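This report describes the structure shown below, with attention to its confidence, its symmetry and the contacts that join its chains.

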2 protein chains.
Amino acid sequence: MSDDVAAVAAANAELYAAFEAGDVDRMEAIWDDSDDVQCIHPGWQLVRGRSRVLRSWSVIMANTSYIQFFLTDEQIFVDGDVAVVTCEENILTAVTDAEGGLSPSAKVVSTNVFRRRPDGWRLWVHHGSPVLSPVEDPA
Amino acid sequence: MSDDVAAVAAANAELYAAFEAGDVDRMEAIWDDSDDVQCIHPGWQLVRGRSRVLRSWSVIMANTSYIQFFLTDEQIFVDGDVAVVTCEENILTAVTDAEGGLSPSAKVVSTNVFRRRPDGWRLWVHHGSPVLSPVEDPA
């Protein structure tokens with residue numbers, strides 16, 4: 001694994017770790033400090049702009065009592081100062097309407113685009129989408 | 001609009017025009033000629049690799065009798081040899097279980113990542129996701 005790919009992998013892992021921790025400060029540090037950042041949460045409309053994107057994460061994290069991600073099938077491509085990560089998010093969340101147990105509740109596929117900045121790779125675009133059907137890769 | 005942005009806008013428009021036309025050759029010309037292309041159709045699993053991605057489009061186009069896209073809120077960012085487009089796809093399709101009329105049937109938000117190649121901008125990643133809820137941008 002090249003140094004670039006390793007650094008992008010760490011940045012990508014930090015996104016999910018920050019969400020799991022519900023840590024707004026870490027989430028702020030992950031996102032690029034520019035107004036053209038963009039975020040599409042699963043099933044949501046597009047959210048653009050740093051302040052709006054961070055606010056959306058604050059709302060989501062405030063409403064999530066417990067969440068854990070198991071990332072699978074992660075692939076990282078670096079092209080110059082841009083890196084594209086795709087991965088599957090296998091999500092374990094607290095079940096609020098049952099007996100307080102945990103269950104695998106969702107699968108999301110994500111595209112995360114990072115930019116190389118002087119202080120490291122910062123998140124530019126996050127796009128997560130729900131896997132709704134059992135349609136398999138037709139290949 | 002810079003020349004780069006105009007060229008990316010044209011490449012992005014061609015993706016939807018090729019789909020509307022059901023034209024496999026045009027779809028092949030749009031995608032980058034590499035095996036790290038990736039595509040997430042709305043609600044689907046991740047599809048990777050040029051041959052698999054093109055096959056998925058062939059299957060979808062063969063099963064689509066009529067489709068028309070109205071793109072809204074398109075934004076284009078060029079960073080070196082990579083361009084990221086986000087847009088809303090407002091989709092009009094043939095209704096097969098009614099009286100053969102047309103109706104607005106879906107809204108999808110998409111992230112399209114292009115790479116600059118000697119022969120122009122080619123599609124590297126397409127990620128479309130269904131807008132499932134009326135959740136508005138919380139800002």
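Two strands are taken to pair if DSSP finds at least two bridges between them. In this predicted model, E3(A) and E4(A) run antiparallel and are joined by 11 bridges. Gln75(A) faces Thr86(A), a residue of E4(A). The hairpin that E3(A) and E4(A) form has 2 residues between the strands, and Gly80(A) adopts a positive phi near 65 degrees there.

**Confidence**

The model has an ipTM of 0.86 and a pTM of 0.89.

| Part of chain A | pLDDT |
|---|---|
| Chain A, average | 90 |
| E5(A), lowest mean | 87 |
| Helix H2 (residues 24-30), highest mean | 98 |

In chain A, 87% of the residues score at least 70. Where pLDDT is low, the predicted coordinates should not be read in detail.

**Symmetry and interface**

Chain A is superposed on chain B by a rotation of 180 degrees with 0.0 Å of shift along its axis, at an RMSD of 0.0 Å. This is the relation of a two-fold axis. Within chain A, Ser129(A) has the C-alpha nearest the axis, at 2.7 Å from it. Both copies use the same surface, since 100% of the contact residues of chain A recur in chain B.

Across the interface, 37 residues of chain A are in contact with 38 residues of chain B. Several elements of chain A each supply at least two residues of the side that touches chain B, among them helix H3 (50-62), strand E3 (67-79), strand E4 (82-94), strand E5 (102-117) and strand E6 (120-130). By type, the residues on that side of chain A comprise 17 nonpolar, 10 polar and 10 charged.

**Nonpolar core**

The largest nonpolar core has 62 residues. Those with the most contacts inside it are Ala83(A), Val84(A) and Val113(A), together with Ala83(B), Val84(B) and Val113(B). Leaving aside neighbours within four places in sequence, Val113(A) is in contact with Val82(A), Val84(A), Trp124(A) and Val125(A) of chain A, and with Val84(B) and Val113(B) of chain B.

**Asp4(B)**

Asp4(B) lies in helix H1 (residues 3-21) of chain B. Is Asp4(B) buried or exposed, or partly exposed? Asp4(B) counts as partly exposed because it has 14 C-beta neighbours inside 10 Å, whereas a buried residue would need 20 or more and an exposed one 12 or fewer. Asp4(B) is 76 residues from Gly80(B) in sequence, yet their C-alpha atoms are 10.0 Å apart in space.

How values were computed:
Residues numbered from 1 in each chain as written. Chains lettered and ligands numbered in written order. Predicted model: local features only at pLDDT ≥ 70, side-chain atom pairs only at ≥ 80, totals over all residues. Core = buried A, V, L, I, M, F, W, Y, C linked by C-beta atoms within 7 Å. Contact = placed C-beta atoms within 7 Å. Least-squares fit on C-alpha atoms with pLDDT ≥ 70 in both. Helix = DSSP H or I, 4+ residues; strand = E, 2+ residues; numbered from the N terminus. Nonpolar A, V, L, I, M, F, W, Y, C, P; charged D, E, K, R; others polar. pLDDT = per-residue confidence, 0-100.
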